[in-house]
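Here are some notes for a colleague who is opening this entry for the first time.

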Amino acid sequence: MKEYGPDKIRNIGIVSHARAGKTSLTEALLFCAGATDKLGKVDDGTTVSDYDDEEIQRKTSINSSLCICEYNGHKINIIDTPGYSDFRGEQESTLRVVDVVIFVVDASMGVEAGTEKAWFRADDYNRPRIIFVNKVERENAKFEDTLSSLESLGSKIVPLNLPIGIGTSFSGLVDLVKMKAYAKGDGGKKLQEISIPADMQDQIDSFRERLVDVVAETDDELLEKYLDGQELSDEEITTGLKKGITENRFVPVFFGSATGNSGPQLLLDMIPYLPSPVDLQPIIAKKADSDEEIELNADPNGTLAAFVFKTITDPYAGKVNFFRVYSGTLKSDSYVFNSTKGREERIGKVSLVHGKKFIDTDKVTAGDFGSVMKLSETGTNDTLCDPSNKLILKPIDFPKPIISMAVTPKTQGDDEKLSTILTRMSEEDPTFVVKREVETKETIISGMGELHINVILSKIQKRFNVGANLAQPKIPYRETIRSTSQQQGKYKKQTGGRGQYGDVWLKLEPLERGKGFEFVDAIVGGVVPRQYIPAVEKGLLEAIQEGVLSGSPVVDIRVTLYDGSYHEVDSSEMAFKIAASMAFKKAMEAANPFIMEPIMNVEVTIPDEYMGEIMSDLNGRRGRIAGVTPSNGRQVIRALVPLAEMYRYSVDLRSITSDRGSFTMEFSHYEEVPPDISAKIVSAYKASNQSS
Ligand SMILES: Nc1nc2c(ncn2[C@@H]2O[C@H](COP(=O)(O)OP(=O)(O)OP(=O)(O)O)[C@@H](O)[C@H]2O)c(=O)[nH]1
Ligand SMILES: [Mg+2]
């Protein structure tokens with residue numbers, strides 16, 4: 001591929017709610033630019049960007065994919081992202097590394113929840129953006145409604161073209177920049193020019209005025225000319241558009257049909273007028289060995305700073321890191337420093353990436369994207385730099401997992417294999433977390449939703465032939481006591497030969513929350529000989545692992561050994577260990593034991609209108625509201641909710657808010673379980689003891 005300077009590169013992310021047509025639009029842009037000979041279809045599994053087996057089978061994007069095309073002397077990098085919130089991590093990393101975002105909106109749906117959420121994230125990154133209103137030929141497509149739903153996003157919306165007819169009567173497009181009309185696409189790359197429909201003249205005039213208005217406002221000279229009543233030239237309009245888009249003053253809107261290939265051509269024509277890496281603010285990097293910050297410009301001769309935003313395991317190539325070079329040039333056959341890991345790495349070969357294809361190249365320059373294979377240490381979020389100028393770029397703030405499941409292998413004996421594979425999958429995907437829960441002896445996997453987890457398990461089944469079952473994770477309950485008690489444990493056996501004899505008196509006392517376990521040796525006069533005291537403590541440490549009510553660990557107690565007796569011949573460490581455990585069980589039963597459950601700090605962010613329903617749902621989950629704060633036109637509810645009530649909360653929140661809400665949760669503290677729930681836990685424990 002030809003070499004392009006940073007001013008000739010455009011880096012675009014395509015983002016939206018699921019199913020709006022991002023992959024189809026990517027495909028149409030590639031086709032119109034001549035990067036492909038045929039317009040692939042998602043439904044046939046023939047697109048460039050949905051190449052993964054899972055994507056082809058499910059007809060939906062799961063991974064972000066990078067594609068390249070060349071158009072009008074420019075190189076365009078396009079990242080097609082998945083729309084389902086289960087894959088939000090991929091969207092997040094894309095928003096972080098692109099320069100411009102194209103939002104796709106389905107003309108029959110208007111702005112949907114996933115698009116709205118991504119829009120707010122793009123605000124956080126201050127990304128310039130464009131909207132492509134897709135599926136204008138679909139039966140329920142609407143023009144006015146869609147436009148007003150776009151306006152609700154809070155930016156100044158400026159259509160650059162208009163559909164001729166909408167829904168089944170859609171027949172073409174009017175370009176408001178060039179003031180030309182085109183017939184709807186017939187699958188070819190070029191649009192067929194037609195005359196502007198006379199009955200649309202008023203509508204066209206009014207939208208053209210809106211366009212020229214906002215363009216004139218970008219520049220004092222243009223504004224003067226405009227107020228003077230002079231016409232702005234095509235070039236003045238496109239220059240003003242570029243300035244306005246770059247400064248995020250307004251958002252241009254294109255109408256069209258991706259699968260019908262009407263409209264992508266007009267969008268493509270506009271891409272050279274989008275900001276290039278050199279048009280945007282410099283990137284801030286930190287020196288690796290101090291807090292000094294430096295500004296990086298997209299200069300191929302500058303110091304090297306490349307950021308890894310994605311790591312995958314390719315079935316053929318092995319580990320592949322995808323990066324963007326922010327400054328300098330990353331060359332094949334070179335040494336770089338991974339300043340995040342503090343390790344030097346040898347770069348073998350760098351490649352450009354187009355869907356599943358890797359295109360060899362000898363270098364990737366500032367402003368461009370590339371990939372490198374087989375680096376031992378490097379992964380997502382790492383900075384690669386010059387060994388003589390160590391810099392760190394800000395890492396991506398990946399969303400935290402919101403759903404957890406216990407996983408077991410379908411085939412006994414596959415435990416170790418499964419856990420190795422799961423760990424590897426979590427290295428590839430920062431939103432997928434694997435944890436071994438020592439207490440409940442379960443492997444817990446956490447992710448962004450059920451689809452996310454199912455896709456990962458399905459990949460594991462196909463790639464490694466290891467099947468897995470999912471279950472609700474056990475709740476890590478705790479037990480403790482309310483009052484003090486004193487009990488004896490006597491273990492005595494006399495069955496011929498040497499017998500067994502251990503005898504202890506224990507006192508149990510409740511301690512404050514969080515104090516754990518305390519053992520006090522208060523034996524006087526050697527009634528329990530010194531050498532058996534560690535055995536008593538050991539017996540207790542084992543006994544507290546399984547409380548008498550639910551078999552959960554016992555916490556926040558002090559156990560005092562204050563009396564006992566022994567036998568010259570029959571006493572042994574084992575006998576005292578058993579005696580201690582017997583005394584403990586009896587004493588615990590006598591000390592008003594109760595069960596405690598983990599309480600989580602939950603933060604739910606929702607649009608105003610769902611407040612009532614979300615509050616009452618949290619109440620139904622035994623939640624206590626700790627506060628409500630408005631933020632960015634939404635409400636943030638903070639609540640304390642028992643973990644036992646939070647299983648599948650992501651699914652329920654999605655259904656209450658039509659996917660417009662989000663939440664985070666973390667452990668806060670332990671609290672007593674209410675009596676009715678405690679009774680259920682106790683009887684379930686008894687039943688499981690009887691059956692085993
Ligand atoms: N009628 C019509 N259907 C379209 C158009 N664009 C896409 N579709 C269909 O809409 C469905 C979703 O299209 P995709 O391109 O996969 O949408 P996406 O946004 O990439 O979807 P995710 O990756 O799942 O988020 C597919 O069945 C497409 O054929 C269009 O312009 N008109
Ligand atoms: Mg897609």
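This is a predicted model: local features need pLDDT of at least 70, side-chain atom pairs count only at pLDDT 80 or more; totals for chains, interfaces and linings use all residues.

**Notes on the two ligand sites**

1. Thr23 has a relative accessibility of 6%, and because buried means under 20%, Thr23 counts as buried. Ser61 also has 6% relative accessibility and therefore counts as buried by that cut-off.

2. These residues matter for reading the metal site, where the protein donors of the magnesium ion (ligand 2) are Thr23, through OG1, and Ser61, through OG, lying 2.0 Å from the ion. The pair links distant parts of the chain, since Thr23 belongs to helix α1 (residues 22–32) while Ser61 sits in the loop between α2 (53–58) and β2 (65–71), 38 residues apart.

3. Turning to the other ligand, 20 residues surround ligand 1, and the closest are Lys22, Thr23, Ser24, Thr60 and Glu137. Helix α1 gives the most to this shell, with three residues. Sorted by class, the shell around ligand 1 has nine polar, six charged and five nonpolar residues.

4. Several polar approaches to ligand 1 can be checked individually. One of its oxygen atoms is 3.0 Å from an N or O atom in the side chain of Asp43, and an oxygen atom of ligand 1 is also 3.0 Å from a backbone N or O atom of Ala258. At Ala20, a polar backbone atom is 3.2 Å from an oxygen atom of ligand 1. How much of ligand 1 does the protein cover? Of the 650 Å² of accessible area that ligand 1 has on its own, the protein covers 89%.

Definitions and conventions: Residues are numbered from 1 along each chain as its sequence is written. Chains are lettered from A and ligands numbered from 1 in the order in which they are written. Side-chain values use heavy atoms; hydrogens and water are left out. Donors are N, O and S atoms within 2.8 Å of the metal (3.2 Å for Na, K and Ca); water is not among the atoms, so sites may look incomplete. Helices (H or I, at least four residues) and strands (E, at least two) are DSSP runs, numbered from the N terminus. Buried means under 20% relative accessible area, exposed over 50%, partly exposed in between (1.4 Å probe, protein chains only). A residue is near a molecule or strand if one of its heavy atoms lies within 4 Å of it. A polar contact is a pair of N or O atoms within 3.5 Å; within protein, one must be able to donate a hydrogen and the other to accept it, and residues adjacent in sequence count only if both atoms are side-chain atoms. Accessible areas come from the Shrake-Rupley method with a 1.4 Å probe; for residues, only the protein chains shown count as cover. Ala, Val, Leu, Ile, Met, Phe, Trp, Tyr, Cys and Pro count as nonpolar, Asp, Glu, Lys and Arg as charged, and the others, Gly among them, as polar.
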